[in-house]
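Dear colleague,

I am passing on the structure we spoke about, and my notes on it follow below. Please read them with the coordinates open beside you.

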Amino acid sequence: MAESDNIVVETAEKIFADLADPQTVNNDKKDTWQAPLWQALSEAGLPLSWVPDDLGGSGASLADGFALLNAAGRFAVAVPLAETMLAGWLLAQAKIASPEGEMTVLPASPKDRITRDADGALSGRARGVPFAKAAKHFAVLAHGKDGASIALVDASKGRIETGLNVGYDHSDTVTLDKVQPLTIRSAPSGFDQTTMMLMGGVARSLQIAGALESMLDISVRYSNERVAFEKKISKFQAVQHNLARLAGESAAALAAATSAADAIANAKSFNDEVYLEAASAKIRCAEAAEKGGAIAHQVHGAIGFTLEHILHRYSLRALAWRDDFGSESHWAVELGKLVANRGADELWPLVASR
Amino acid sequence: MTAALRFDPIRLPEKCEQLRKEVRAFLAEEIAAGTFDPHKPNREDTDAPEFSRRVGAKGWLGMTWPKKYGGQERSFLERYVVTEEMRVANAPTRRFFVADRQSGPVLIKYAPEHIKMDILPRICRGEICFAIGMSEPNSGSDLFAAKTRATKADGGYLINGTKIWTSSAHIADYMIAIFRTSQPTKENRRHGLTQFLVKMKQPGIQVNPIGQITGQYEFNEVVFTDFFVPDDHVLGEVDGAWKQATSELAYERSGPERFLETYYVLTELVRAVGPNPDTRSAEGIGRLVAQLHTMRRMSVSVAGMLQAGKEPVVEASIVKDIGTVWEQQLPHRVRDLAAFVEETATNRETLERQLDFAIKTAPKLTIQGGTTEVLRGIIARGLGLR
């Protein structure tokens, strides 16, 4: 099956295959793969896919960008591609041009808030910010007395406490203390932190779905190679049924994520229907990361538990991505409140809206 | 190249939304007229012949079939909308559901023209009911172990043997069944079964109702004794039913009925918790809605594949596997959350009565129409493991 007929994804997949092969990356203890990969992605204009030409980007469609993130998930790409894309997208909402280099977004959790005081300085703490340490700039959503603003901030102006998520990628705490942004503008009307979290959540959903696709592939392949009790383990019905369940989880994640991406790419606003799509994608993909990842590990046995094997590059990242831009339990509570608030007889019309 | 299955997002076209409004308006009228109570899935009489005729008169049966057979030549997506709205409203679809979903398409593919011209328009008018004769006392999931014999006679076949777990056989006008016409061969154990159209309610057929653990009598034992079926009632290739079974499965297994059978308890739970749920209820409802939404989007996507002329057998198996496991667990998850519903909730009794029935219904959902184990075998085959 053709992964995609779109040029953005084709370009990205070629770069990933050449410079981010999971086995090569996994063997490289010094991370020498990172710089050439980022350079190739930048030269192809991919990190600024969602930034229009006149703001310094490559002006790809939302749909192409989402497909790119899915491909990045299939390679478990561990550079701030998704983060820079989201940052560029956020800045473009306020018509702020994107600079070159790595970026990330803050806040990255629905619980954290950055505030803007009367003279435009930004303050607040954002936890779990992906790749903050690698970022040259932050795209920030801040709240002041007169509503939400979007700002571009020099990353060196923030205080960064580094940390790692369960996938061994940077997930840092960023503190801004009366930081003057490089640029700041009002967010468009109706744009708020929930919008930003939903967008980030759908990006992570596509990455999780991609990681699950690869977990399914390598698990099927391994089961056809590994012999136990004098036959390939793929011939045991118990193993077959586990892999069938993994295929189901992978398919569900991909369906939820691509449906949400399609909804956002074609939406005029973030209404209840888009909210259902985006929140559901994050919830269902996070559940699939847990259930599907567990099966992939079960099929691989001890070898999949080693640092030498590439499985953990997918399984742990998929689990880590659950935490960014609102966990599944956060979105479940919010979606449950929305549904309850609309009332029992409005549930089905919402579900059947697309 | 990846083993993963893609379910492309389908946006239902505008005409589907127009149709949805018409179906909702029709169902609201039927409810107002007292045809059925949407809050009572466990009513005694699930067979509603007059309702069936009114649905037919709307043009909502056989909607994807050729016009010369009484169909509307509309899309699978339009049929999908009608099916899901009927299901969510708990409408009494028993009389026409099987004929519309799978018996009609089998006839269109394999029956002689004069039979199609006779039977299909009557299905479209909602006049006749179909049953499916697959399982036998010693042949359930292992379809190709069927023993009921069809012995060649002058101008047709004589049928002897027993079908079992046959839903709606007690009201059905016709059955599409598989019978043994030859012994299996060494090379192919699936060889030797033939698909037949059987006219019910005749001497030589005895239908014995079987009580189910829900208290209902929906399935039956059907005993054939020297029952005559004419030659022109053979559907497709003699001894070759195994070649014909697979494409049917994509229709049978991917529809909204594969995850909505216990849906009513979720609606009622939302009503019971009210507009300001506590965190526990909110999270529980949110997860269930996210899971439901995802399955529906997968199921709609399969309808899109059918519309595009594909045979998404593996995709349909995934929808049915995930969907039936979900609808089986749903009443139990709702029960967990209902334990915290205020005593004063006005619909508390309705919810409890519904839960009672849904919990009794749940065990069958992962068995009927292809067990979970059979489905996972099909998915594993699709992954290249078998």
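The radius of gyration used here is taken over C-alpha atoms, and the globule rule is 2.2 Å times the number of residues to the power 0.38. Please keep in mind throughout that this is a predicted model.

By that rule, a compact globule of 386 residues would have a radius of gyration near 21 Å, and chain B, with 21 Å, agrees. The C-alpha trace of chain B spans about 70 × 55 × 40 Å along its principal axes, and its secondary structure comes to eleven helices and eight strands. Of the 386 residues in chain B, 52% are buried, and 75% of the contacts between residues at least 6 apart in sequence join residues at least 24 apart.

Chain A can be described in similar terms. For its 354 residues the rule gives a radius of gyration near 20 Å, and the value for chain A is 20 Å, which agrees. The trace spans about 75 × 55 × 35 Å along the principal axes of chain A, whose secondary structure comes to eleven helices and ten strands. Buried residues make up 56% of chain A.

Turning to how the chains meet, the contact takes 48 residues from chain B and 45 residues from chain A. On the side of chain B that touches chain A, the elements giving two or more residues are H3, helix H7 (264-273), helix H8 (279-307), helix H9 (313-338) and helix H11 (372-382) of chain B, and H8(B) gives the most, with 18 residues. The residues on this side of chain B divide into 23 nonpolar, twelve polar and 13 charged.

The largest nonpolar core has 241 residues, and those with the most contacts inside it are Val202(A), Ala247(A), Ala257(A), Met175(B) and Leu269(B). Helix H7 (residues 237-265) of chain A gives the most to this core, with 16 residues. Leaving aside residues up to four places away in sequence, Leu269(B) touches Ile285(B), Val334(B), Leu337(B), Ala338(B) and Leu351(B).

Helix H1 of chain B (residues 14-32) deserves a separate look. Just after H1(B), Gly34(B) takes a positive phi of about 85°.

Finally, some backbone details in chain A are worth checking against the model. Most residues other than glycine have a negative phi, and most peptide bonds are trans. Leu106(A) and Pro107(A), however, are joined by a cis peptide bond with omega of about -5°, and Pro107(A) lies in the loop between strand S1 (103-106) and strand S2 (114-116) of chain A. Lys95(A), which is not a glycine, has a positive phi of about 60°; it is found in the loop between helix H5 (81-93) and S1 of chain A and is partly exposed, with 13 other C-beta atoms within 10 Å. Phe131(A) also has a positive phi, near 60°, in the loop between strand S3 (122-130) and strand S4 (137-144) of chain A, but Phe131(A) is buried, with 22 other C-beta atoms within 10 Å.

With best regards

Methods: Residues are numbered from 1 along each chain as its sequence is written. Chains are lettered from A and ligands numbered from 1 in the order in which they are written. This is a predicted model: local features need pLDDT of at least 70, side-chain atom pairs count only at pLDDT 80 or more; totals for chains, interfaces and linings use all residues. Helices (H or I, at least four residues) and strands (E, at least two) are DSSP runs, numbered from the N terminus. A residue is buried if 20 or more other C-beta atoms lie within 10 Å of its own, exposed if 12 or fewer, and partly exposed in between; C-beta atoms are placed from the backbone. Two residues are in contact if their C-beta atoms, placed from the backbone, lie within 7 Å. A nonpolar core is a set of buried Ala, Val, Leu, Ile, Met, Phe, Trp, Tyr and Cys residues joined through C-beta atoms within 7 Å. Ala, Val, Leu, Ile, Met, Phe, Trp, Tyr, Cys and Pro count as nonpolar, Asp, Glu, Lys and Arg as charged, and the others, Gly among them, as polar.
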